[in-house]
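Here is a guided walk through one protein model. Keep the sequence and the structure in view as you read.

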Amino acid sequence: MKFRTEINIARADQTIQHIDPIITLGSCFAENISKALKEHYFHVLENPFGVLYNPLSIERALRFIIEDKTFTQNDLIFHQQEWHSFWHHSSFSHHDAQVCLHNINTAIQQAHHFLKKARWLIVTFGTAFVYFLKKQKTAVANCHKLPETEFERRLISLAEITEPWLRLLDLLRQFNPQLKIIFSVSPIRHLRDGLPENQKSKATLILATHQLVDSSADYFYFPAYEIVLDDLRDYRFYEADLTHPNQQAVAYIWGKFKAMFFDRTTQQILKEMADFYKRTTHRFRNSASPSAKNFMTETEALRKMLLQKYPYLKQRDF
């Protein structure tokens with residue numbers, strides 16, 4: 001007797017190799033995948049604009065990266081004693097405008113060069129509800145606690161997502177012809193909108209991602225939303241806020257991601273990387289003890305062996 005409907009995901013016809021550079025953009029769920037990739041020593045650039053939730057802001061961020069845009073102080077706003085960018089997460093905000101600009105421009109330059117050589121781009125849409133500046137009628141990534149009267153918030157349509165994204169995908173093909181893209185919809189629920197509105201938002205995103213994926217054999221859909229909402233389908237897989245998947249759910253999603261995008265060789269490398277990462281994060285009650293010193297010596301010997309076996313790890317934080 002079955003008590004749940006497990007999603008069986010077929011392996012993608014193009015798989016991620018451990019040597020492949022990967023860039024991620026999108027909601028905080030994208031950070032969960034990035035964290036798992038980093039713990040297995042993939043070459044990952046995570047959210048160069050910070051966490052972004054809506055598809056219009058993610059699309060704008062990618063355009064800025066392709067253009068290698070340089071932000072100036074005219075692109076910033078000053079509010080509550082800090083400088084902010086409407087296109088960035090608040091983690092870039094700073095009381096000194098020059099520091100804010102330095103952090104923004106350094107991240108864009110790094111992302112521009114990284115995206116040019118990346119093999120994979122992972123995009124996670126979080127919500128189809130978007131804030132627009134009333135004066136400029138422009139979608140923003142973050143309101144930075146400005147008065148709500150300065151914004152219009154609405155659910156964007158399917159066409160408002162797919163039309164600019166299809167144009168962007170053409171640009172990405174020109175910028176980096178080898179780039180493969182994985183789209184997903186975040187399983188994190190936006191309960192402040194109400195459950196019916198959240199479902200409308202997620203449904204719009206799912207329809208949009210499928211239209212984008214259908215436009216090329218190099219684009220893939222990873223069903224993160226469906227895994228949590230239908231396969232797991234239980235509040236025990238959520239944090240106390242009942243909106244964010246907990247570590248058990250994230251680990252389950254990661255297992256499905258591995259099954260879809262990693263071949264047998266990469267799976268074996270991942271096992272080696274996981275064993276090494278576990279050693280590096282081990283904590284000793286007495287680091288001066290003979291057993292601790294012996295453990296650290298063995299770990300360093302293992303590091304050297306893995307570097308010899310996989311020379312590309314020298315370019316990473318290994």
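**From the pocket to the core**

The largest pocket has a volume of about 530 Å³. A pocket is an open set of points on a 1 Å grid over the protein atoms alone, with protein on both sides within 12 Å along at least five of seven lines; a 1.4 Å probe fits at the points, and lining residues have an atom within 4 Å of a point. The volume is the space filled by probe spheres set on the points.

This is a predicted model: local features need pLDDT of at least 70, side-chain atom pairs count only at pLDDT 80 or more, and totals for chains, interfaces and linings use all residues. Residues are numbered from 1 along each chain as its sequence is written, and side-chain values use heavy atoms, without hydrogens and water.

The lining of the largest pocket has 24 residues. Tyr-53, Tyr-131, Arg-153, His-190 and Arg-192 lie nearest the centre. Strand 6 gives the largest share, three residues. Strands are DSSP E runs of at least two residues, helices H or I runs of at least four, numbered from the N terminus.

Strands pair if DSSP finds at least two bridges between them. Six bridges join strand 5 (residues 120-125) to strand 9 (residues 180-185). Leu-121 stands opposite Ile-181 in strand 9.
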